Amino acid sequence: MGRVMTCMNLSIALRSCRSFWTEQYSHSENVTLELLEVNTSSLEYLRLKLRGCYKQILVCDYPNINKACLDIYHKPRHVAWVPKLLRALCKTKFLWLQVSTIQCLIRAPVLDLPDFCNLIQLQLDFYSFKSRLLIDLLHNCPKLQALKINISEFVLDYWYGSYSYLNSHKRNDWTQPLSVPNCIVSDLSTVEYRGYRNTPEEHEFTAYILQKGLVLKTMRIHAKYCDLPLKGEVFKALSKIQRGSSMCRVEVD
């Protein structure tokens, strides 16, 4: 079945201090709307799930923002304004970026991340682990205490309208950071990683956190596959790494 093309000359405004917006369009529809307006300075909680294509977004300063969850499909127009939305949400304490939102950031030609000065918990859902983007985010989260990472290998690609399977087991895009993000040294106490496949890039990242995390208490790894030998291999490899924190406990399940 072909994709349905729909154009709507309208805007959607979210003005409540607790705003939820989930569209009802199906995956077969290609809906274009003129404007998404999130224009309330009293905003405390924002959850956006967007399937349609929004040409523009209108935002303001949100001094009271506490939690934000963004599931914004990675269409070309969204790539341009997702960073703008993040800058407006920079004072949030809890931030969850779901898979398609991460893809918007990855595809951005120039990524200008804000300083998340109040952020204490960050959850990131990746199609495929991207350590460079993650380190860039950590540099901008000076007070981060908890980091949650989820990995999914299946991609619904809205640029091409198809599913694809990502296999990056043999790739290693890890680059040693020139400087250690402040949060790793001073505040990061918990890291939880779901969907861990023990790729070289994943291992390098977790080793880096274990070595540099001076206040780290828990590194919790959930292996991608229910494979006891793999779990044993992961635990053995991570147990050999010298830890920056004497309090740190490594859990693998």
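What percentage of contacts in the protein chain between residues at least 6 apart in sequence join residues at least 24 apart? The share is 72%, where contact means heavy atoms within 4.5 Å.

The structure is a predicted model, in which local features need pLDDT of at least 70 and side-chain atom pairs count only at pLDDT 80 or more, while totals for chains, interfaces and linings use all residues. Residues are numbered from 1 along each chain as its sequence is written, and side-chain values use heavy atoms, with hydrogens and water left out.

The protein chain contains six helices and 14 strands, taken as DSSP runs (helices: H or I, at least four residues; strands: E, at least two) and numbered from the N terminus. Of its 253 residues, 48% count as buried, that is, under 20% relative accessible area with a 1.4 Å probe, protein chains only.

Pro114 occupies the loop between helix H2 (99-107) and strand E8 (121-126). Pro114 counts as buried because its relative accessibility is 9%. Its C-alpha atom is separated by 9.1 Å from that of Lys84, 30 residues apart along the chain. Leaving aside residues up to four places away in sequence, Pro114 touches Leu86, Arg87, Cys90 and Asn140.

| Class | Lining residues |
|---|---|
| Nonpolar | five residues |
| Polar | one residue |

Methods. Buried means under 20% relative accessible area, exposed over 50%, partly exposed in between (1.4 Å probe, protein chains only). Ala, Val, Leu, Ile, Met, Phe, Trp, Tyr, Cys and Pro count as nonpolar, Asp, Glu, Lys and Arg as charged, and the others, Gly among them, as polar.
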